[in-house]
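Please go through the model shown here by question and answer, giving the cut-off behind each term where that term is used.

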Amino acid sequence: MTRGLPLLLGCLVSFIGGCSFLNAPDRNLTPPDGGVDRGGIELFCDDDLDDDGDMAFDCDDTDCAQEPACCESRRTTLSEDWTGADLTSGWTFAPTTGGSWSALRPTLDGTTFVGGFLPDDSPRSLVSRDCVSLALGGWVETTLRTTDATSCGPTEPCDRYAGVVLTVATDSAPGSKLQDELAVTLHAGGLVLVTQADVEIARTTATVDEDIAVEIEFRPTLDDFNLPILTAKVTVDEGVVLEDFAVTPIADLVSTGDCAEIPGLHVAAQGHGAGVYVGPLVTAKQDCANPSQFDEQSATLRAEHLDLSPSWVQAYVGSPALASSRNSVFDVQWDLIVEGSNNDPELEPTTHIGYALGHARTSTDEGGDWRLDTWESSGSPKVGDDPPSCLDGTCDGNRSVREPHLLAELNEEGELRDLVLSFARELVTDPSERDLFGVQIVRPIGGPTTSIALPSTLTLSPDQIPECVSLRDPALIPVDPDAQAGYWLLYTCVETAGAATEIHAVRISRALEVVQEAGGPLRRVVLVASELGPFAAAGIRSPEPVISFEEDGLRLRIWFLAQRTPGDWAVALAEARTHDTSMLEFELPEPVPFPVNPILSNASTLVRSGCFDEECNITGIAVSPRADDPSRLRFLLARRLNLPGLGRSDQLIPLEQTWSKP
Amino acid sequence: MSQNRRIQRWKWLPWAALLALVVAGCGDSSNAAGLGPDFDAGAAGSGGSGDRAEGAGGSAGSGAPQNDGGTSGVTDNPVDLLFANPGRNPGDALGAGLEAATDYAAGARACYADTGACGSAECSAFASCCVKTGACCAPVLNDATLPAALDFRQCAGQTADACAQDNGSDAVSFGQTDPVLSGRGLIPNGTATAEGGVVIGELVNLSSHRVEVEVQFTLPVGCNGTCLESAGVAFTSSAPGAFVDAEVGLLLSGSRDAVNLMIGNAVADSFDAGTDSTKWRLVLSPDGSAQVFRDGNLLGVYAFNAAALQQAQLVVFGRNLGAATTSAAIATLEFAMAFCDNPSAWNERQEIAISLDSNPVPAHAFGTGPSIVDQMVGKRMAYEVDGEIFLSEEEAFGEFFLEDGNPALIATEPYEAQGVGDPELVWDGNFLSLFYTARDSEGVGSIGAAVSVEDVPVFMKGQGPTLAPDGDVLSYDAPTVVYRDQLWLLVVRATLADGATELRAFYTSDPDTGWARVVNGGLEELTRSEGPASEVTDPSLIIHNSAYHLYYARRAGTRWSVELAVSDELLLWRSLGDVLGGSSEDFDSLGARSPDALSQPDRIELVYAGQDGVSFRLGAASRTAPSDTAPSIF
């Protein structure tokens, strides 16, 4: 078995580029439409509509080539030709109880098959020790062949059979078949049955003593309840015998071992008796969009690396904002703004904790990672008080500034024209009011050592938004490539004291004023937790949008935090497309959740690594295209670790993904 | 037209309210003699259209249920006789007219629409609404899990543990500095870096118990906007550390002059703290609802994860940087506990061990279709192995032994050519009956019956199957039977000519004379399965707390789970969905099927088959469930 060899080679080839073994996405290897349509975008790839009127529906439209519903790019995950001397290293011979057995491996027309599942007192199978990832889509291919139809008709099941099984199990009980999430089985007389739970789903017939090609294609999608499920299409001898069959909820797939990053199943060759065989077996996973996998970078940041004064960050640093630009010497410049406090945020249910914002900057070589010791900062807060928080009543007048977002406005050379900073600012109109925030937008913001004097009024106050008592987590999207017409301001709408459940947007002019519509702000609802699925059942917050303007339209991707249960924050993704970019001044395209959300859970190794007592949390995420390579997105994941004893620590973990159209 | 519909839609409300008024509360549901069914013995028969037919071993009839125009079968069946507890005199409420039947059906539909409706006072007449609503709970008396009341102000100068012990409980302090008890109450004494407080009492199962916590806070004095003064009471699932994980509770924030409702260690809502005399009440129901009251006024209802709090610990916690004379404190606490019927709250779940002569019988651990019965002097469990039925006796919960290695029932008849299985044991007070699936040489299933009159069961089969397929039914299997008050009730799976399957209910006063089908009810629609990707089977019917509880197994893909539906009269069903699924570990990690439930006093036991991806093994589970709290009369 040569599992994963292509993956390994791929990484070796690109080693210099810092490739990890994770599969970073590259969603636009194929140009949209291939130049054959009328310049629009297929908005949705599974709605049975020709959204852009180019006579190509859904996956037939090359716009959708890199979407999970359509991706045809494959990366082999398992390849077995049954010629190895010892199959036991890669396969479990099931049942493992009731006596050992071995399989015959005849060569038929030059191809090695496995079969002869003897003795025939039980179904027997070779189950892959490795799990093959399928949750983001994948394929299983094999060849079946029956050589002896004696006493078996072409339309009836026979007690001699062999086939391929996808299963969560690694063993079977003597006398029983493997638990089959999906199985394609050739019976000796030529009947081919597709089964689940050993119940027939579909059937066809095949010719005896000829190779029968079988392909199972898996695609992720959302069911009627917005739950991610895996669907299958089964092709036998190039004839489709089953299509759009809901195999299993993705939550029920194997998610350990080889499938820890992308859930999947074990693959098995199963049979009973002699005369029916399973040929070479190949599995592959989709090699297109994979927002749930990241290239890990080495330079994990902590407050001390940013040279921020402990006087205001000694207890907490998080909620990062990141921007990338080229500087005059053609290096890459990174601007990072974080919120920090000298008191633990965990004290918030007890008392008011104050926060401030700090700015740090560094440069890297083109394509490089940043170093830990080259960050420049003012040390003290760029916005807010030092210290921002005190528990002895000495700074009751302080008001928090939190949750920064940076929008880098670049010239054609990628050099920084302006940095636009938005953040949540605690209301000051009433000295007794606490915990209520509005949004402040500032442009320009200068370098790290430049302090910002806050204007007297908020850019957007909750008084202007009747549904929301507080506005948090602002983020800006330009409505045109140069933001000449202004921005959409996304923010978390806090309706009550509990977790927020909606992300809204308000139009902001170039002059940073709220655009009015019918006597109030021009505003839209962007995401609603109850419409997203169970992963967001307990709330959503912190939108991080990235927009790309192309000749044929725009694509908007919004990463955000979502919680299934209170406190269980994870990173999720929603995407929107439109071919009418001029509409962006008035309307935001409707984001659709990615089929396999969340893309990064609180239980992932990225969050839990080094964590004591499993009490670590995602506190924020920043996303920015790299100025030196806009196809690369850099993420900065903020996590708070519970350390042994009473300590906690905050880390900013750099990650990257490739999206040729971020 | 639409106006008429609206009027009809709401006609049930006054009816239901009237029923609620006559409900006397939690009464005795024992069945009084002489209130049993009063239809002629031997008159049961084919039930396709509800007609009664004659003849031993009769078929169930072939008539397809007809739409009844709104009464949902109330007028098509002897509903007054079918009520789970005829001692509640349901006939008085049902009346005789079509209008009353329509109102009853509409009322049931409206009450069963969602948990909130079913748990409301208007729906309290339905015993089915006792399940998974937090209603009909039975008070926990003489239990030291939590003290009835703690007035910390009366314990000034004592330790928290001494104070708790004086009130019949115990308390363990945590934090860097011990809590202080003063005239203000209990000051938790946590710091900026670590929570302080006490753990009170023993573990509480919030998935099966309703807990009412009444708390009176003492507000801090001179607390400004950033003072660190807090005091709270909450349930937690982990030992207190630097920060208490308040899964659900109330926390007084001095700086905010607010009381926060904490859920999942986050602020779910926040309320004005009031004064020192303000009384706060937190009512936690096993259905996962948390109600907050301030001075008796309901402030809101919130969801919390009760299922994850089977072993919750009560903590009083907080942080106090000010002087003890001005600190935030807990002045008083009062607790009331009751256990409720939460069908998902299984608190014992283990693999069944079967032995013969004190030696394990491994093959029998993989037995299928288990059935358990309580003969008052002991419990027996039947199961199938390789087409034969075995009978074991219970030694302890989850442990059974065989008298010998011989099956209790084997295939002997032509209609049993492919074996016997799906055993169903029924004890009628005198005799032990065994119903089972018999499959002929074509695989067609019918329901067989046998009875034993011996202390050591020896089953004698009846003449032919007690229920044989006919008409649109190709096969019957998986019987479950209840006997009460001279009435036999049967639910089976029917496989129809179009390939679909559904569960059907029957009744008779004498199984030897045939069965009448319950028609135009909701069971068929609820359990109908038409595609190969899903399946419904293995029903198990019991009567518990004046309601029918019908457990059954549903397969979705490869995964099995046990679902529950409840009904007052075997006709209109309230579906409660999954109640037992994969445990993520051990023998039932992936799922569960083949449930057979047993109603016990204040408890339900269940035997089932656990799925681990390799095989199905017998398992046992149990949970608390009040058996005598449903409204005593209609």
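Q: In which sense do β20(B) and β21(B) pair?
A: In this predicted model, residues are numbered from 1 along each chain as its sequence is written, and chains are lettered from A in the order in which they are written. Local features need pLDDT of at least 70, where pLDDT is the predictor's confidence in each residue, from 0 to 100. Strands are DSSP runs (E, at least two residues) numbered from the N terminus, and two of them pair if DSSP finds at least two bridges between them. Strands β20 (residues 368–374) and β21 (residues 379–385) of chain B are joined over five bridges, and the sense of their pairing is antiparallel.

Q: Which residue in β21(B) stands opposite B:Asp374?
A: The hairpin of β20(B) and β21(B) has four residues between the strands, and B:Met376 takes a positive phi near 75° there. Opposite B:Asp374 stands B:Lys379.

Q: Why is strand β20 of chain B largely enclosed by the rest of the structure?
A: A residue is buried if 20 or more other C-beta atoms, placed from the backbone, lie within 10 Å of its own. Strand β20 of chain B is largely enclosed because, of its seven residues, those that are buried number five.

Q: How many residues does the contact take from chain B?
A: Two residues are in contact if their C-beta atoms, placed from the backbone, lie within 7 Å. Chain A gives 38 residues to the contact, and chain B gives 36 residues.

Methods:
This is a predicted model: local features need pLDDT of at least 70, side-chain atom pairs count only at pLDDT 80 or more; totals for chains, interfaces and linings use all residues. A residue is buried if 20 or more other C-beta atoms lie within 10 Å of its own, exposed if 12 or fewer, and partly exposed in between; C-beta atoms are placed from the backbone.
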